[in-house]
Amino acid sequence: MHCWIMAASPISSSGPRVARTMLGQVVLPGEELLLPDSAGPGTEGSAEQTLRLGAVVRPRTRVVCGPGLRRCGDRLLVTKCGRLRHKEPSGGGSGGGGGGVYWVDSQQKRYVPVKGDHVIGIVTAKSGDLFKVDVGGSEPASLSYLAFEGATKRNRPNVQVGDLIYGQFVVANKDMEPEMVCIDSNGRANGMGVIGQDGLLFKVTLGLIRKLLAPDCEIIQEIGKLYPLEIVFGMNGRIWVKARTIQQTLILANVLEACEHMTTEQRKQIFSRLSES
């Protein structure tokens, strides 16, 4: 019997590598990444200068660990296999400061709730003042009837079992039950709440959702030119879409599902055929 062994790229024996030098590259679970010290010039490839928790750090160099990473002392510990990504702080500041959000972009099937994620859930049960919502994770999320815009003890929202809910997580960690709300920090719905009864709900991969929600995504712009539609994206891999007719709704759903494995030329051919018909 023959045994084939697939060898992954070896981890450098010189020690952990600087996170900025690994952007766009594949990282493996168990690897440790160093955060470069923005105060010192020329630290791009130096693994000796790290961002120490006890040191005085400028606010703009605050680092947030996204999915696939865990803070371990003064280092980042990789917990998922994928490509390392980085997003600069939204407040601006000078680029290359080492701050912002680091995460691992990977193709995973099961959704893991993350605080701040906007998701589409299905109400499965009522339990006192709480609704149980299926979000596709390992356990249902809880949603209070007061977590809707304008909701009070007398004015309760009209939510029934089986309704679709678009909301965001305010509590999401491995030690507590996920908690959702349908209001933002100002108490406004801002598009969240119960989704209409019509339309079609379908599931895609988490990687496709991230691709569709990218600011420079051309797929959504091209789909918007085909038919008038309403569409909602959930970071848990669920999409709700509604067009004027059932046929148009099904066409849009099939196109969105197929876009993940299409090249740019193939996608343009499909959209040109649909626009002609």
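**Close-up views of a predicted model**

In strand β17, Ile 239 is the bridge partner of Phe 202. This is a predicted model, in which local features need pLDDT of at least 70, side-chain atom pairs count only at pLDDT 80 or more, and totals for chains, interfaces and linings use all residues. Residues are numbered from 1 along each chain as its sequence is written, and side-chain values use heavy atoms, with hydrogens and water left out.

**View 1. Strand β17 pairs with β15 and β16.** Helices (H or I, at least four residues) and strands (E, at least two) are DSSP runs numbered from the N terminus, and two strands pair if DSSP finds at least two bridges between them. Strand β15 (residues 200-203) runs antiparallel to β17 over 4 bridges. Strand β16 (residues 229-233) is also antiparallel to β17, over 5 bridges, and here Ile 231 stands opposite Val 241. Look for Gly 237 in the hairpin of β16 and β17, where 4 residues lie between the strands: this glycine takes a positive phi near 90°. Because 5 of the 6 residues of β17 (residues 238-243) are buried, the strand is largely enclosed by the rest of the structure. Buried means under 20% relative accessible area, exposed over 50%, and partly exposed in between (1.4 Å probe, protein chains only).

**View 2. Strand β13 pairs with β11 and β12.** Strand β11 (residues 141-144) is parallel to β13 (residues 176-181) over 2 bridges, with Ser 142 partnered by Glu 179. Strand β12 (residues 164-173) is antiparallel to β13 and joined to it by 4 bridges; Gln 168 has Val 181 as its bridge partner. A hairpin through 2 residues connects β12 to β13.

**View 3. The largest pocket holds about 1,800 Å³ of space.** Of its 47 lining residues, Cys 65, Gly 66, Pro 67, Val 114 and Asp 117 are the closest to the centre. On a 1 Å grid over the protein atoms alone, a pocket is an open set of points where a 1.4 Å probe fits, with protein on both sides within 12 Å along at least five of seven lines; lining residues have an atom within 4 Å of a point. Grid points are joined across faces, edges and corners, and the volume is the space filled by probe spheres set on the points. Strand β8 gives the most to this lining, with 5 residues. The lining of the largest pocket divides into 20 nonpolar, 12 polar and 15 charged residues (Ala, Val, Leu, Ile, Met, Phe, Trp, Tyr, Cys and Pro count as nonpolar, Asp, Glu, Lys and Arg as charged, and the others, Gly among them, as polar).

**View 4. Arg 85, Asp 105 and Arg 210 form a network of salt bridges.** A salt bridge is a side-chain nitrogen of Lys or Arg within 4 Å of a carboxyl oxygen of Asp or Glu. Asp 105 and Arg 85 meet at 3.7 Å, N to O. Asp 105 lies in β8 and Arg 85 in β7, so the pair ties together parts 20 residues apart in sequence.

**View 5. Arg 267 and Glu 218 meet in a salt bridge, with their closest N and O atoms 3.7 Å apart.** Arg 267 is buried at 6% relative accessibility, whereas Glu 218 is partly exposed at 41%.
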